[in-house]
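I opened the model and kept notes as I went. The entries follow in the order of looking.

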Amino acid sequence: MTLTVATQAPAGAAVGTLARREAWRMVRHPVYLVLLLYFVLIGGVEVVNLGLPSREAVRELGTVLGLLWLGPATFFAANLVASSARRAHAESQLAAAPTTAQARTLATCLGVLGPTAAATGFAAILWLVEHAGDTLDRAQGPPSWP
Amino acid sequence: MTGSVLIEGVTKTFWRSPAVAGADFAAGHGVTGLLGPNGAGKTTLLRMMATVLAPDSGRLRLLGHDPATPSGRLAIRRRLGYLPQEPGFHRGMTVFGFIDYVAILKELTDRRARHDEVRRVIDLVGLAPVSGKRIRAVSGGMRRRVGLAQALLGDPDLVILDEPTAGLDPELRLRFREIVSRIGEGRTVVLSTHQTEDVAAVCQQVVVLHEGRSLFAGTPAALIEQAAGRVWLDRTRGAGAQLAWRNGDGLVRNVGDAPAGAELMAPTLEDAYLLLVGDKELVVTS
């Protein structure tokens with residue numbers, strides 16, 4: 001029997017890879033995606049009501065998505081991902097692996113940075129849009145009365 | 001025997017109830033079967049061997065390391081594959097995704113090498129056609145194979161399988177036996193079962209556990225030898241029979257102290273096991 005054996009990494013090296021996997025699990029978690037869809041819809045309604053391309057609409061969208069979506073969505077997704085092994089009764093199976101429960105917890109904590117980074121990137125784009133709006137306003141000068 | 005597994009006087013008690021009360025045996029390369037009735041302590045002993053549970057007393061040495069020390073545990077876990085009695089799965093994951101996840105936990109961090117290894121074990125247990133399916137969508141037998149596949153990741157030197165054939169249909173059991181027999185070549189496999197057919201089919205060594213103690217450790221042939229001259233056929237239950245049951249052909253198979261002139265039969269592993277464990281509650285026919 002010929003076997004191809006993958007090389008094992010040094011102790012603790014799995015944490016980084018595991019953290020990336022946990023982050024990916026979180027951002028693909030149904031709770032995360034459903035809440036994203038929900039807040040995109042809410043944000044969309046607000047934007048339509050306020051009218052684009054107003055600065056208030058952009059700010060509203062940023063608030064709804066950045067604060068309301070990021071917090072609860074990441075919170076629920078991270079909790080569900082972190083407790084999935086226990087809920088699946090896989091703890092004893094995973095306990096026999098060289099990556100300890102503490103390392104798995106650390107990886108999950110680091111994994112939370114994944115969705116946070118995604119939301120931060122999104123917030124940065126919104127900030128740039130709003131900032132560009134400011135610049136445009138200043139270039140156009142003060143509004144004149146009709 | 002190279003002594004990959006050495007167990008001496010190991011005990012474990014849960015709430016004053018002893019689950020393992022002094023187990024002793026050694027296992028080297030090949031397949032070793034832990035045979036015993038429900039509640040004999042097989043699962044507890046295997047969990048201790050999988051470094052998931054610490055013994056209360058006794059000596060455990062696995063692959064030359066002591067699992068009582070953190071460094072010993074880590075060294076063992078790096079060369080260990082474990083399939084629990086009721087393996088848990090992240091059911092939303094695909095078969096490939098779950099095994100890949102366990103591969104990361106087994107410190108296979110290089111993506112390409114890891115994926116090659118995952119594909120290898122998936123092929124080994126015949127899961128390739130369903131590797132992209134979610135675990136919740138595959139059958140119980142397939143899930144059992146997923147459990148076996150994750151246990152084989154990294155080509156471990158010690159594989160511990162807790163009742164791997166439980167709940168499988170005859171065809172799947174045969175397939176499992178073939179896989180277990182194959183992985184037992186060149187490494188140590190310890191499996192638990194309460195089915196004597198599994199032991200007779202694949203194990204080079206058998207350990208009979210009863211009420212937390214090891215009653216016998218040796219080859220299946222040596223166990224069968226213990227029942228030589230103690231199995232006979234008759235029309236009724238014999239007076240010296242410890243156990244007796246009516247066969248399909250209408251005759252009673254007696255196991256115990258045979259009377260003079262009895263029609264002796266070649267014993268099976270099951271006969272020897274029953275004699276050793278001594279279940280006197282078995283239904284007696286007349």
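**Chain A.** I looked up contacts in chain A with a separation of 6 or more: residues 24 or more positions apart account for 79% of them. Two residues are in contact if their C-beta atoms, placed from the backbone, lie within 7 Å. This is a predicted model, where local features need pLDDT of at least 70, side-chain atom pairs count only at pLDDT 80 or more, and totals for chains, interfaces and linings use all residues. Residues are numbered from 1 along each chain as its sequence is written, and chains are lettered from A and ligands numbered from 1 in the order in which they are written.

I found 7 helices and 0 strands in chain A. Helices (H or I, at least four residues) and strands (E, at least two) are DSSP runs, numbered from the N terminus. Of the 146 residues in chain A, 30% are buried. A residue is buried if 20 or more other C-beta atoms lie within 10 Å of its own, exposed if 12 or fewer, and partly exposed in between, with C-beta atoms placed from the backbone.

**Interface.** I listed 26 residues of chain A in contact with 33 residues of chain B. On the chain A side, the elements giving two or more residues are helix H1 (14-27) and helix H5 (91-95) of chain A. By class, that side has 16 nonpolar, 9 polar and 1 charged residues. Here Ala, Val, Leu, Ile, Met, Phe, Trp, Tyr, Cys and Pro count as nonpolar, Asp, Glu, Lys and Arg as charged, and the others, Gly among them, as polar.

**Sheet of chain B.** I traced 6 strands of chain B in an open sheet, ordered S5-S6-S7-S3-S8-S9, with mixed pairing. Two strands pair if DSSP finds at least two bridges between them. Strand S5 (80-83) and strand S9 (213-218) of chain B are at the edges with a single partner strand each, so one side of each has no neighbour in the sheet. From one strand to the next the twist averages 15°. Axes are lines fitted to C-alpha atoms, for helices over the stretch in contact, and angles run from 0 to 180 degrees between N-to-C directions.

Strand S3 (residues 30-35) and strand S8 (residues 205-210) of chain B run parallel, joined by 4 bridges. B:Leu34 has B:Val207 as its bridge partner in S8(B). Helix H9 (residues 269-277) of chain B packs on the sheet, touching S3, S8 and S9 of chain B, and its direction makes about 35° with that of S8(B).

**Helix H6(B).** I then checked helix H6 (residues 170-183) of chain B, which lies across S3, strand S6 (158-162) and strand S7 (188-193) of chain B and runs at about 150° to S7(B). Which residues of H6(B) are buried? I noted B:Phe176, B:Val180 and B:Ile183.
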